[in-house]
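Please open the model in a viewer and keep a selection panel at hand.

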Amino acid sequence: RTLLIRIGDKSPEYVGTSDFKDHIETCYGVLLRELEHYAFLLQCAEQLPHKIPLYGAVVGLLNLESEDFAKKIVDTTQTSLQDALNCNRIRILMRFVTVLMCSKVIQPGSVIVAFETLLSSAATTVDEEAGNPSWQARADFYITCILSCLPWGGADLFEQVPEEIERVMAAVEAYLSIRFEFGQKDFLEDLWDRIQVLSNNEWKADSVPKPHLSFEAQLVAGKSHPITCPEQPSGKQKLDAGLKYPRRLHRLNIFPASKAEMQPIDRFVVEEYLLDVLFFFNGCRKECASYMVGLPVPFRYEYLMAETIFSQLLLLPQPPFKPSYYTLVIIDLCKALPGAFPAVVAGAVRSLFEKIADLDMECRTRLILWFSHHLANFQFIWPWDEWAYVLDLPKWAPQRLFVQEILEREVRLSYWDKIKQSIENAPALEELLPPKSGPSFKYEDGRELSVEFCGLVKGRKSAREIITWIEENIIPLHGALEVIIQTLLDIGSKSFTHLITVLERYGQIIAKLCPDLEKQVLLIDEVSSYWKNSSQMTAITIDRMMGYRLISNLAIVSWVFSPTNVEQFHTSDRPWEILRNAVSKTYNRICDLRTEISSLEKSVISAERAKADLEAAESKLEIVDGEPVQAEKPVRLKRLKAFADRAKEEETSIRESLEAKEALLARAYDENEVLFISLYKNLADVLMERLRHVSMDVEKENSQLNGSKTDEQEQWCRTTLGYVKAFSRQYASEIWLHIGKLDAEVLHPLFQKA
């Protein structure tokens, strides 16, 4: 197992030798004595796909000794390909099939048939839907599968079945001519261009090892096995399949092409290797970094490695894995390659910083969260003097805001004095630091009612006693909301635990004082006022209050769109963070309910199955001495009856829970509809006011912002529209459920156009 995993590595198992031929011969010798481990060999090929050529050569040598073993490999691969639901798995199995063909294990004609089946499906998909781009994802994926196999097997196919592979290439070109056009060269067209260059270069790719050539004289004697292409889904299966195919529209180009130092096809192959490692090692960051720095290629690829990771971190609408995974991998790569990778990451940050005004708002937010987290792991060291010039830019300039938000997030991850110390090479940037964190209590001077109320709380009086005291002492004289909320927040300000305790113990008082939307907006105002020096504590407190249903999501939307907040849409992330949290929390409630309902439905089905099994067993009869008698054994019948009785008892309770959860889900859908209509109505209202006065050309390049009022209005519109796009993209599946009402009530033509 260790030899198979470490094949191609400089590892003790191979006494440090890096000669592929020695590794292959060692693996072949061991496996020849233990052929039952073929399944583990296949697992390695799938999960370490950058080593597929090495595994292909091992299988080719074993095919000479045991055709049955090779046939098992081929048959299992074919079955896996048929059953594969994951696109990465399909792509990698196709690569393995191609490499087995190079090692004379699979017939080249079989590979051509597989390619042509995929081609036929692709052409049919696009033709049926008249080039509809929502269906094209599936067709494009099939063509990408074919083209991505050619760096590994193109040379052998052109040598062994030249007419057939030419036919495939012509069909790919024909497909590219009928697919939907995106207006600029996309990923698939770019890949086709790279394959053309590879073809003209006699299929030489330095990034693809060809270990089978070292054994060519032996392998030619092996028997080639046939393989059939998987059947393509149709009907409902086809619809489901259409939803799962990945769209790779464009590459993220951060660095100049000259930094790559490799041929176009090598860039594609190394990118495939890196994406495969990121995919298969998503739970093992150390191993992921180790394999990423040890790819079997003869040139350096740090720049491409950084671009590939950032392309996943910034992928829209969602990265394949949590952003923190990519953060940890980048940290581990910086430690694994201390002399090279930190400088490359720094170069990527500088390049993205230069383009920050053109970056999607969602990408900008992710970049801020990543960079602040990254710096926190490296003592917050950064040459801030390079960016000190942002102080000369307007307060709403994207680059200035980027630096401001990074510093604010760093303070959250550390403390104010530490971050001030970290920018000592650019002390002027202290202006962009958030205020020194701490509460802003209105009654520090010891206002009598606040002190008295504080005493009641510390004396552990019940919520009912305190409400009576409020009604008798405060309401006749003062606005109770201000005094009570400020004092409760002050009591809960010492730690997160204190805050939770206060909300749990005295939430009833807050609910009594803030029963409606108008009062809840005032409550949020008090929270914002108390924590005006801490965006983090403002967001946490409002989020917790929403969790305890003391504040509704509609109250948060109303507060976010109050005039004071609207004016800072383009200069602060504070209102947007609170809005993101509110929408996310509402969405998560629905997701949780769906999961719970699905689990309960499975329990109901399980209970019904237990009942059906018992009935089937009881009805099973056999003839003994001419008389029908119970055929099932009494012990099994007794066990089935016990299962059925227990299931029947549980079923009633489960169905009640299911009914309750479905009612909650229906209510949550209604809440969601009201939330999205309120959100988009508010967005439309504030945008309509300003879009009429601003000549918005969304496609044009951002001009140099000179600080005039018009430029500021334009930046406000760009920022707000950027968040509209981010919300719409992230919650598209939920928003579509309510699109009829949104179309009728909110989406004015000017808003839609923008």
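Select Phe310, Phe353, Trp370, Phe371, Trp382, Trp384, Trp387 and Phe402 in this predicted model. Ring pairs link these residues into a cluster. A search of the whole structure finds 26 aromatic pairs. One of them joins Phe141 and Tyr142, with 6.3 Å centre to centre and 50 degrees between the planes, a tilted arrangement. Phe141 and Tyr142 are both buried.

Next, display Tyr530 and Trp531, whose rings form an edge-to-face pair at 5.1 Å centre to centre and 85 degrees between the planes. Tyr530 is buried, as is Trp531.

Arg1 is placed over the face of Phe40, 4.1 Å from the ring centre. Arg690 lies over the face of Trp716, at 4.2 Å from the ring centre.

Now turn to the second largest pocket, which holds about 880 Å³ of space. To centre the view, select Pro323, Thr365, Leu369, Arg580 and Asn581, which lie nearest the centre of this pocket among its 25 lining residues. Helices H16 (323-336), H18 (361-376), H19 (398-413), H29 (574-619) and H31 (709-730) each give two or more residues to the lining. The largest share, seven residues, comes from H18. Colouring the lining of the second largest pocket by class gives nine nonpolar, ten polar and six charged residues. Colouring by domain shows why the pocket is placed where it is: domain 2 (257-378) and domain 4 (584-617 + 634-753) both contribute to the lining, so the second largest pocket lies between them.

The structure holds seven cavities of 30 Å³ or more, and the largest cavity has a volume of about 200 Å³. Select Met361, Ile368, Glu405, Asp573 and Tyr723, the closest to its centre of the 19 residues that line the largest cavity. H18, H19, H29 and H31 each give two or more residues to that lining. By class, the lining of the largest cavity comprises nine nonpolar, five polar and five charged residues.

Which residues line the second largest cavity? They are Met361, Glu362, Thr365, Arg580, Tyr723, Ala726, Phe727 and Gln730. The second largest cavity contains about 70 Å³ of space. H31 gives the most to its lining, with four residues. Four nonpolar, two polar and two charged residues make up the lining of the second largest cavity. Domain 2 (257-378) and domain 4 (584-617 + 634-753) both give residues to this lining, so the second largest cavity lies between them.

Key
Residues numbered from 1 in each chain as written. Predicted model: local features only at pLDDT ≥ 70, side-chain atom pairs only at ≥ 80, totals over all residues. Heavy atoms only, no water. Phe/Tyr/Trp six-rings, centres within 6.5 Å; stacked < 30°, edge-to-face > 60°. Buried < 20%, exposed > 50% of the residue type's maximum accessible area, 1.4 Å probe, protein only. Lys NZ or Arg CZ within 6 Å of the ring centre and 35° of its normal. 1 Å grid on protein atoms, 1.4 Å probe; cavity = no way out; pocket = protein on both sides within 12 Å on 5 of 7 lines; lining within 4 Å. Points joined across faces, edges and corners; volume = space filled by probe spheres on them. Nonpolar A, V, L, I, M, F, W, Y, C, P; charged D, E, K, R; others polar. Domains from an automatic or database assignment.
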